[in-house]
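Subject: Structure for you to look at

Hello,

Here is the structure I promised to send. Please open it first, then read my notes below.

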Amino acid sequence: MTYQDTLARWQQADLPADLAAELKQLSPAEQEDAFYQNLPFGTAGMRGQMGVGTNRINVVMVALVTEALAAYIDQSGDAAKKAGVVIAFDSRHHSKEFARVASRVLSAHGIKVYRFSSLRPTPELSFSVRHLKAFAGIMITASHNPKQDNGYKVYGADGGQMIPEAVQAVIDGMAAVENEFAIVQDETEANVQVVDDDLDNAYLAEVKTISVDRDLIQKEGADLKFVYTPLHGTGQYIGEKALQQAGFTNYTIVKEQAELDGDFPTVKKPNPEDPAALSLAIEYAKKEEADLVVATDPDADRMGAAVRLADGSYQVLSGNQIAGLMVNYLLAAKKKNQTLPENGAIVTSIVSSRFASEIAKSYGVATLDVLTGFKYIAAMIDRFEEKKDYTYLFGFEESFGYLVKPFAHDKDAIQALVLFAEMAAYYKEKGQSFADGLKKLYEQHGYFEEKTVAFDFPGVNGHEEMAALMTKFRNQKLETVGDQLVLATQDFASQRQVDRAGAEKKLPQPKANVLKYWLADGSWIALRPSGTEPKLKLYMGVVADSQAEADAKLQNFETMMKEKIKA
C-alpha cells in the first residue's frame with residue numbers, strides 16, 4: 001500500500017475536527033511525510049510529532065497501538081486481563097486525552113485499567129506497575145523532547161520497558177488491525193479505576209528510604225540553599241513532597257517553570273541535558289547565593305544540576321559527573337556504615353563514562369555494562385535478584401538518568417533529587433563545594449570528559465541514510481582517531497569484538513546497531529542511531545592527567561570524527 005492509499009483512507013474517515021482541519025492544510029510534501037510510514041514502535045515505545053497522519057502521534061494512532069497491546073493481553077489470558085494496566089501521563093498537549101483513549105480501548109476488551117486523574121512522573125508509573133502487580137503500564141510522554149512531540153511508552157510487569165518479544169507482539173498486532181477507525185472504545189470506562197493518593201503515598205514511602213544519612217540532613221538541611229525547577233512538568237508535585245519529607249525546606253521553586261504548560265514557554269528544549277534549560281534557575285540561584293540548582297525534565301525521569309563555584313558562578317554538571325559523585329557518596333557511606341556488600345555492582349550503559357566505574361572499582365564494586373536504554377538496566381536488576389550473583393547498588397546512563405533503589409525499574413529523577421540534595425549537605429558539612437569534591441575525584445581517578453554529538457537525518461530517507469553510514473563504518477576499518485590507535489572494535493550488531501591483531505571475542509550484550517572503538521590511551525568512541533529520534537549519535541569519552549588535556553583530546557576526537565562522518 002502506498003502512502004497515497006493511506007492518505008485517501010484518512011481523507012474519507014470521520015476524523016476529529018482538529019485532525020480533519022489539519023489534513024486539509026497539508027502540502028503534497030507534508031502529506032508524504034505524514035503518511036509514508038506508521039510511527040515506529042520499538043522497545044522505548046512510540047514517540048514523535050503530534051498531528052495528523054500515521055507518522056504522527058494522535059488519537060487514531062494511540063487507539064491503534066493500544067488495540068494491539070490489548071490483543072497481546074487477551075492472548076496472555078484472563079489473569080493478565082485481571083492484573084491490568086496502569087496509565088499515567090505528563091504535562092504535554094493531548095497527554096490526558098491520549099491516556100483516556102488508551103484506557104477506553106483497554107476497557108472495551110474487559111482489561112482492568114488503573115489510571116491517574118492528573119499528571120504523574122514516569123518513575124511513579126514504573127513503581128505503580130510493580131506495586132499493583134499489574135501486567136503492563138502505559139506512560140504518555142515524550143520525556144525531554146521538544147514541545148511539538150508526544151509519546152507512548154509501554155512497561156512490562158517488572159516495571160521496566162517492554163522486552164523485545166512483547167514489543168514484536170504489539171508491532172504484529174498493529175499490522176493485524178484492518179481498520180484503525182473502527183476500534184471500539186468503552187465510553188463508560190466500566191473497567192477503569194482512578195488511582196491517585198494511595199499510589200503517591202506508597203511511592204513516597206519508598207523514596208523516603210533513599211536517604212543515606214538522615215542525621216546529616218537534620219544538621220545541614222536547613223542551611224543548604226538550592227533552587228529547583230520542574231521545567232513545566234510533573235516533578236513539582238511529587239518532587240517537593242519528596243524533598244520535604246526528607247527534611248529539605250530551604251529551597252526555592254522557579255515559579256515561571258512551576259506552571260504546567262505543554263508549550264514549555266521559558267525554554268527552547270525542556271531537557272536538563274541542555275545547559276540553557278537551567279539558565280532561569282541559575283539566575284534565581286545567583287540572586288539568592290544558592291549552593292546548587294537542580295532540574296527535572298517534564299516526566300521527571302531525568303535530573304540535571306548546576307553547582308556554585310568560589311567566584312559565585314555556576315558550573316553545569318554532566319550526567320556522567322553527577323553519576324560519579326553519587327556513586328562515590330553512596331559507596332563511601334556504605335563502607336563507613338559497614339553495609340557495603342562483597343558482591344556489590346553498579347550498572348551503566350556502553351556509552352556512559354568510565355569515571356563512575358573507576359570510582360566503584362576503588363571500593364571493590366563491579367561495573368556491568370548494558371546496551372543503551374534503561375530497560376537493560378532493569379533487566380540486569382531482575383537477573384541479580386534471580387541469580388543472587390550481584391547486589392544492585394546504583395544504575396545510570398550518561399543522558400541524566402539515575403536509579404538509586406530498584407522499587408522503580410526506570411530512571412528516577414525524584415530519587416536523584418533527594419540524593420543529590422543530601423550529597424550537597426554532605427559537602428557543606430565538610431566545608432567543601434561540589435566542585436571541590438569533583439576535583440578530588442578527578443585527581444584520584446583521572447580527568448574524565450565526555451561529549452555526545454547528534455547528527456540529524458530527517459525525512460523519508462533519513463533512516464536509510466543512517467543505515468548506509470553505519471555500513472560504511474563497518475566496511476572501512478577504523479585504524480586511528482586523532483593520534484590514537486584503535487586497539488579494539490566492538491560491533492554490537494554482530495556481538496563481536498575484534499582487536500588489532502585480529503583476535504575475536506563474543507560480546508555478552510544483545511544485538512544492537514552500535515559500533516564502539518577503544519583507543520590506546522583508554523579513550524573511546526561510539527556510533528549509534530537513536531531509537532526514538534531520526535538522529536545518529538556520536539559518543540566520545542576521554543581520560544587524561546589534567547582538565548586541559550582532556551578538553552583538548554575531546555576537541556581533537558570530535559573534529560576527526562565529524563570529518564569521517566561527513567566524508
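First, a definition: buried means under 20% relative accessible area, exposed means over 50%, and partly exposed is in between (1.4 Å probe, protein chains only). This is a predicted model, where local features need pLDDT of at least 70, side-chain atom pairs count only at pLDDT 80 or more, and totals for chains, interfaces and linings use all residues. Residues are numbered from 1 along each chain as its sequence is written, and side-chain values use heavy atoms, with hydrogens and water left out.

**Aromatic pairs**

Rings of Phe, Tyr and Trp (its six-membered ring) pair if their centres lie within 6.5 Å; planes under 30 degrees apart count as stacked, over 60 as edge-to-face and the rest as tilted. The whole structure holds 17 aromatic pairs. One of them is Phe 355 with Tyr 442, a tilted pair with 4.9 Å between centres and 40° between planes. Helices and strands here are DSSP runs (H or I, at least four residues, for helices; E, at least two, for strands), numbered from the N terminus. Phe 355 is in helix 14 (residues 355-362) and Tyr 442 is in helix 17 (residues 434-445), so this pair ties together parts 87 residues apart in sequence. Is Phe 355 buried or exposed? Its relative accessibility is 1%, so Phe 355 counts as buried. Tyr 442 has 4%, so Tyr 442 counts as buried too.

Phe 384 and Tyr 390 also make a tilted pair, at 5.4 Å centre to centre and 45° between the planes. Phe 384 counts as buried because its relative accessibility is 3%. Tyr 390 has 28%, so Tyr 390 counts as partly exposed. Ring pairs also link Tyr 329, Phe 420, Tyr 426, Tyr 427 and Phe 434 into a cluster.

Two lysines deserve a look as well. A charge sits over a ring if NZ of Lys or CZ of Arg is within 6 Å of the ring centre and within 35 degrees of the ring normal. The charged end of Lys 112 sits over the ring of Tyr 114, at 5.3 Å from the centre. Lys 516 has its charged end over the ring of Trp 524, at 4.5 Å from the centre.

**Helix 16**

Helix 16 covers residues 413-429, which is 17 residues. From first C-alpha to last, helix 16 reaches 24 Å, close to the 24 Å expected at 1.5 Å a residue. That expected span is 1.5 Å times one less than the number of residues. Why is helix 16 largely enclosed by the rest of the structure? Because 14 of its 17 residues are buried.

Now look at the start of helix 16. A side-chain oxygen of Asp 412 comes within 2.9 Å of the backbone nitrogen of Ile 414. Gln 415 lies in helix 16. With 0% relative accessibility, Gln 415 counts as buried. Just after helix 16, Gly 431 takes a positive phi of about 75°.

**Arg 302**

Arg 302 lies in the loop between strand 9 (292-296) and strand 10 (303-308). Its relative accessible area is 9%, so Arg 302 is buried. What does its side chain meet in polar contacts? The side chain of His 144, at 3.3 Å, and the side chain of Glu 273, at 2.8 Å.

**Salt bridges**

A salt bridge is a side-chain nitrogen of Lys or Arg within 4 Å of a carboxyl oxygen of Asp or Glu. The whole structure holds 25 salt bridges. Among them is Arg 104 with Glu 189, whose closest N and O atoms are 3.2 Å apart. Another joins Asp 200 to Arg 120, with 2.8 Å between the closest N and O atoms. Both Asp 200 and Arg 120 are buried.

Best wishes

How values were computed. A polar contact is a pair of N or O atoms within 3.5 Å; within protein, one must be able to donate a hydrogen and the other to accept it, and residues adjacent in sequence count only if both atoms are side-chain atoms.
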